[in-house]
Amino acid sequence: PLARGIDTVEIPPAGVRFGLMGMHSRYDDTFPESLQSFMSHDDWSNAMLRINCSLEDRILCMPCRINAWVCCLCTFGCSLYLYYIQSKDAERGVREVIDHVNRKLKVSNVPVRFELRRSCLRTRLVAQVLEL
């Protein structure tokens, strides 16, 4: 059973927006004071470092992004399909890293879980404190 979240902190984006899903190349790694009683600065830093490195590794190259948008009219939008596939792959990879981070936090008995939430053309990273 999933634990019910008692507090949710949205982590603001700090990098370039990429992909059709509204993901960012990195998120702010400043430790939120509201999580101070739930996790240590080291746990936070390690988690954010893994998530941000994963995002930076998966960011789409500039020529690929330019090609997708410039050729859009000539290809009747088909050039955006590759861009879409790469964006979905980047999101999947980041979700796998977040799952790994969450498993590591769970083993360490830290009641905080990270989650990537996607809505229409916007992807947010949130940290949620779980009820013990």
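Which residues form a nonpolar patch on the surface? Met62, Ile66 and Val70 do, with about 290 Å² of accessible area together. This is a predicted model, where local features need pLDDT of at least 70 and side-chain atom pairs count only at pLDDT 80 or more, while totals for chains, interfaces and linings use all residues. Residues are numbered from 1 along each chain as its sequence is written, and side-chain values use heavy atoms, leaving out hydrogens and water.

**Surface patch**
- Ile66, one of the patch residues, lies in helix α2 (residues 62–70); helices are DSSP runs of H or I with at least four residues, and strands are runs of E with at least two.
- Ile66 has 45% relative accessibility and therefore counts as partly exposed (buried means under 20% relative accessible area, exposed over 50%, partly exposed in between, with a 1.4 Å probe and protein chains only).

**Aromatic pairs**
- The structure holds 2 aromatic pairs (ring centres within 6.5 Å, using the six-membered ring of Trp; planes under 30 degrees apart are stacked, over 60 edge-to-face, the rest tilted).
- Phe31 and Trp44 are edge-to-face, because their ring centres lie 5.9 Å apart with planes at 75 degrees.
- That pair links distant parts of the chain, 13 residues apart: Phe31 sits in the loop between β3 (23–24) and α1 (41–58), Trp44 in helix α1.
- Trp44 and Phe114 have ring centres 5.5 Å apart and planes at 40 degrees, so this pair is tilted.
- Here helix α1, with Trp44, is linked to strand β4 (residues 112–119), with Phe114, across 70 residues.

**Aromatic cluster**
- Phe31, Trp44 and Phe114 form one aromatic cluster.
- Phe31 and Trp44 are buried, and Phe114 is buried too.

Methods:
Patch = residues over 30% accessible without salt bridge, like charges linked within 9 Å, V, L, I, M, F, W, Y side chains within 5 Å. Areas by Shrake-Rupley, 256 points an atom, 1.4 Å probe, with all protein chains shown as cover. Salt bridge = Lys/Arg side-chain N within 4 Å of Asp/Glu carboxyl O.
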